[in-house]
Structure formats: C-alpha cells, structure tokens
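Please look over the sequence and the structure shown below before reading on. The report that accompanies them takes the chains one at a time and then turns to where they meet.

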Amino acid sequence: MPSVRTLGLVVRTVDVFETSLIMTAFTRDLGKVSGLAKGARRLKSPMQGGLDLLGVSDIVLLHKASDALDLVTEAVPVERFASLRRDLAALYAGYYIAELLSDLTDFHDPHPRLFDAATVTLRHLGEPLLRSRRVLRFELACLRELGLMPVLDACAHCGVEVEAEGDSFAFGLATGGVLCPSCRTGQPHVATLSGRTLGAIRALASPGNAWRDPELGPGSLGAVRATLGAVISHHLGRRPRLLPFLGA
Amino acid sequence: MASGRLEALDRLIEAFGRLPGVGAKSAERLAHHVLKSPPEEALALAEAIRQIKERVHHCRTCYHLTESSEELCLICRDSSRDPGVICVVEGSRDLLALERAGTYRGVYHVLLGRLAPLQGTGPDSLTIDGLEERVASGKVREVIMATNPNLEGDGTALLVANRLADSGVPITRLARGLASGSVLEFANKEMLADAFSGRQCF
Ligand SMILES: [Zn+2]
Ligand SMILES: [Zn+2]
C-alpha cells in the first residue's frame, strides 16, 4: 500500500459517521485530494487539530483501491492563520480562497505555485488596507495557474491589439478577455469595462509592486471585484457562495 | 416502475438515505430491518418520529429543545438558574454535554448552527437576533462563548462577539488547550499555544 506525505491546506471537511470525517485538502505536491480520516473527531485522535479548515498540515495519505476513498493516517498542524480568528472580513476572505481551491481545481492536478499563493495570501489577510487587493491577486493567480486567465492585451477572439473606444473596452466573460470592436458583436456575455478598471486588473495581475499603488482606489477595485466575480462564476458554473460576503 | 421494485420500500430506503452518515447500502439494510421487525416495534419508531416533530419545539427564549405546551425550556423555567449569565452554544447537543458536567448555573443561548458559509450557512441562519434582544434587556452581566474550538466555531464566536460589541456586556470564552488527564509531552503545538494564551491566575 503506497502512502504519501505532503503539505496541504484543508479546504473542506464533512463529518461522517459518529467520529470520522472526510477532508479535502489542496496539497502542494498532489493538488486537490480527499481522504477519510477515521476517528478524527474523537477527543484523543492523534489527528486532532490537523484537519481544521484553512490550516496547513503535514498530511499522510494511504492510497486505497481505485474506487475507494484514500485514508488520512496522519495530519500534523504546521501553520494556522491567526487573523482568521480575529477578523471576520479576513475569515470570509479565507473561506473564499478555500472555495476556489476546492471547487475550481481538479483532483490530483498539482499547482505548487497556487498553493504558495494561497498560503502567502492567508498569512496577510489581517491587513485591512490591502486585503481586497490580495484576494483579487489570488483570484488572478488562480485563473492563470489553471489556464483560465482572461486575455487583457489583445482581442481574445482574433488577437489584434485592442484600442479603447472612448474610455471603454468590451470584455467577453465567456470568450475570456477583451474584444475588438469587430469581434464584439455576436459574442455572449459581454461586459463593458472602463480603461481604469482594465488598467487595475493588469496592475493586479502583474508581478512587481504596481498592485500596491494607492491610485488603484476603491472605485476601480469595486469594478474589478465585479468583473473577476463574473469570470469566476462563469468557470464555476455558479456564483461562489462567499462572493456576497467579500467587501470591495 | 422497474420490474420487481416495491414503491413503499424504495420510499423508506430513500428516507433513511437522507439521514446523516447513512449511505445507500446502510439505508437499504435499515429498511429491510424495519420490514422484518415486528409491527409494534416498527410502529413505535414511526410514532416516536411523529411525536418528536409534533411535541418538541424550540424554547422561545434560548432556542433549546423543549417539549409539549411549554413555551420555555426547563432551564429557562428553573428559578435557581442565573439569567444574568448566558452561555452561547452551537446546538442543543452541546448544551446537553455542558449540562452533564453539572457545574454551570447560568442559562444558555442555542444558535441552531454555526457560521459555515462554505456550506451555505450564513449569519442570518443563526439565532443571533434573539441573543441581541436578550442582551439589550440590560439584565445580562456576562456572555460566555462555548462554540466548538475549531475554525468554524471560532468564526461563529467572532461573529456573535462583533454583534454584541456595542452592548458593553463582557464576553468571555471557554478555556481551551490541555485536556485534563493528558500529559504535556503528547500535546501538539496548537494545544500548547492555546493553553498558554488561555492561562489563568494560579
Ligand atoms: Zn477581434
Ligand atoms: Zn430556554
């Protein structure tokens, strides 16, 4: 029976039977995994504390036959994020990250950079000034890592460079990015973004420190929030449960 | 209807299958058990289920379960309990566990759930409005948070504490950390960290 050890962020737990639970973790090396933790809710369980939501744990999984659920045989807490227990806005943001990792990624599809982006974001959710930007950056990192990143510089349909019409751009939520005037017609789910909003998305998506620029005011961040929320809802096939709880 | 299937049996299997922790196989096993058991036993089960829905309801004040025609539960009606101290729990099972310890003499408030937005349970699904009203009455001296010591329980306590913050009533929480009868050597670092932050005067 092969067993594997990996670092994982617990993104979902469901109580089963009297004392067990099924946990889903987004792990650094294996991507999303699920496993049955027998007796984990018992008072003297060695796994106690290691399977709490939004904690990073050192997890050992025992692979069962292909149609059976893997077993979690160890889960030792490695990192907990204190701000989630002190600040409700940070907690909601953390739950949103868990929802994206749980519902947007596939099983056994590893993305170590996404794992790192999640833990870095969770570590800093206690800073109210940059919190919403960090969440937006995480969403963009998520889209990029999963190959769902909207095209921001050229027409998502034909590839030509897109000029602003006045100060607005057509943005195809289903097409996956900005659209040139000739491709715009006939595309479903097209939103109109201001140049300022598009600029803010580009800044948030780029490396470096442009995303910290105080010029990205709350006004444009609200529009970015709405746009990315719509993009993610499109890929998820539903509106994320936590979206209404996030401040702009 | 597929060949050989019994509609009534299927309905029972389906009903058992909706119970928490009961899979398809167990649901089928339970349904066949009921089918084989003596009629009086099976009907007693049906009657117990009917009565719990008809006779048990939530206490108007604290939302704990109460029976029959009484509006208030036994604890809220007990004049020897101190109504100035309210212990907030997620569910009636938690309340019963605390009552078994037998040391607490205040009253309770049952939230009827925990803040779990990933599962669709938001702030509006909990009985926080009722708790706010009780605290606003001015007769409460302390609110004790006894939600579960995990992220969802802590988040629930945080939400409740935020909602009560303006009342000025002191809010405390149950101590956590080392289990009685355990040894330091085997406690993990989270338990030890909790034990340090929850330390008390000797
Ligand atoms: Zn085009
Ligand atoms: Zn009561």
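What follows describes each chain, its domains and its contacts in turn.

The structure is a predicted model, and everything said here should be read with that in mind.

**The two chains side by side**

The table sets out some overall values for each chain.

| Chain | Residues and buried share | Radius of gyration | Box along the principal axes |
|---|---|---|---|
| Chain A | 248 residues, 39% buried | 20 Å | roughly 65 × 40 × 30 Å |
| Chain B | 202 residues, 23% buried | 22 Å | roughly 70 × 50 × 30 Å |

For chain A, a compact globule of 248 residues would have a radius of gyration near 18 Å, and the 20 Å of the chain agrees with this. For chain B, the corresponding value for a compact globule of 202 residues would be near 17 Å, but the chain has 22 Å.

**Chain A**

Chain A holds six helices and eight strands, and from the N terminus on these elements are arranged as β-β-β-β-β-α-α-α-β-β-α-β-α-α. Among the contacts of chain A with a separation of 6 or more, 58% are between residues 24 or more positions apart.

The chain is divided into domain 1, residues 3-79, and domain 2, which is made up of residues 82-149 + 210-245. The C-alpha centres of these two domains of chain A lie 23 Å apart, and the contact between them takes 14 residues from domain 1 and 17 residues from domain 2. On the side of domain 1 of chain A that touches domain 2, at least two residues each are supplied by strand S1 (3-16), strand S2 (20-27) and strand S3 (31-37). The residues of that side of domain 1 divide into eight nonpolar, two polar and four charged.

Two helices of chain A can be looked at together. Two packed helices are described by the angle between their axes and the distance between the axes. In chain A, the axes of helix H1 (residues 88-104) and helix H3 (residues 128-145) come within 11 Å and cross at roughly 0°. Because angles under 35 degrees count as roughly parallel, H1(A) is roughly parallel to H3(A). On the H1(A) side the residues that make the contact include Ala89(A), Ala93(A), Ile97(A) and Leu104(A), while those of H3(A) include Pro128(A), Val135(A), Phe138(A) and Cys142(A). The charged residues of this contact number two, beside eleven nonpolar and no polar ones.

**Chain B**

In chain B there are eight helices and six strands, which follow the pattern α-α-α-β-β-α-β-α-β-α-β-α-β-α along the sequence. Residues 24 or more positions apart account for 47% of the contacts in chain B with a separation of 6 or more. The domain assignment gives domain 1 of chain B as residues 7-54 and domain 2 as residues 82-176, and the C-alpha centres of these two domains lie 34 Å apart.

**Where the chains meet**

How many residues does each chain bring to the contact between chain A and chain B? Chain B brings 16 residues and chain A brings 22 residues. On the side of chain B that touches chain A, helix H7 (151-164) and helix H8 (189-197) of chain B each supply at least two residues, and H7(B) gives the most, with seven residues. That side of chain B divides into seven nonpolar, six polar and three charged residues.

Definitions and conventions
Residues are numbered from 1 along each chain as its sequence is written. Chains are lettered from A and ligands numbered from 1 in the order in which they are written. This is a predicted model: local features need pLDDT of at least 70, side-chain atom pairs count only at pLDDT 80 or more; totals for chains, interfaces and linings use all residues. Helices (H or I, at least four residues) and strands (E, at least two) are DSSP runs, numbered from the N terminus. The radius of gyration is taken over C-alpha atoms; the globule rule is 2.2 Å times the number of residues to the power 0.38. A residue is buried if 20 or more other C-beta atoms lie within 10 Å of its own, exposed if 12 or fewer, and partly exposed in between; C-beta atoms are placed from the backbone. Two residues are in contact if their C-beta atoms, placed from the backbone, lie within 7 Å. Domain bounds come from an automatic or database domain assignment. Axes are lines fitted to C-alpha atoms, for helices over the stretch in contact, and angles run from 0 to 180 degrees between N-to-C directions. Angles under 35 degrees count as roughly parallel, over 145 as roughly antiparallel, 65 to 115 as roughly perpendicular and the rest as oblique. Ala, Val, Leu, Ile, Met, Phe, Trp, Tyr, Cys and Pro count as nonpolar, Asp, Glu, Lys and Arg as charged, and the others, Gly among them, as polar.
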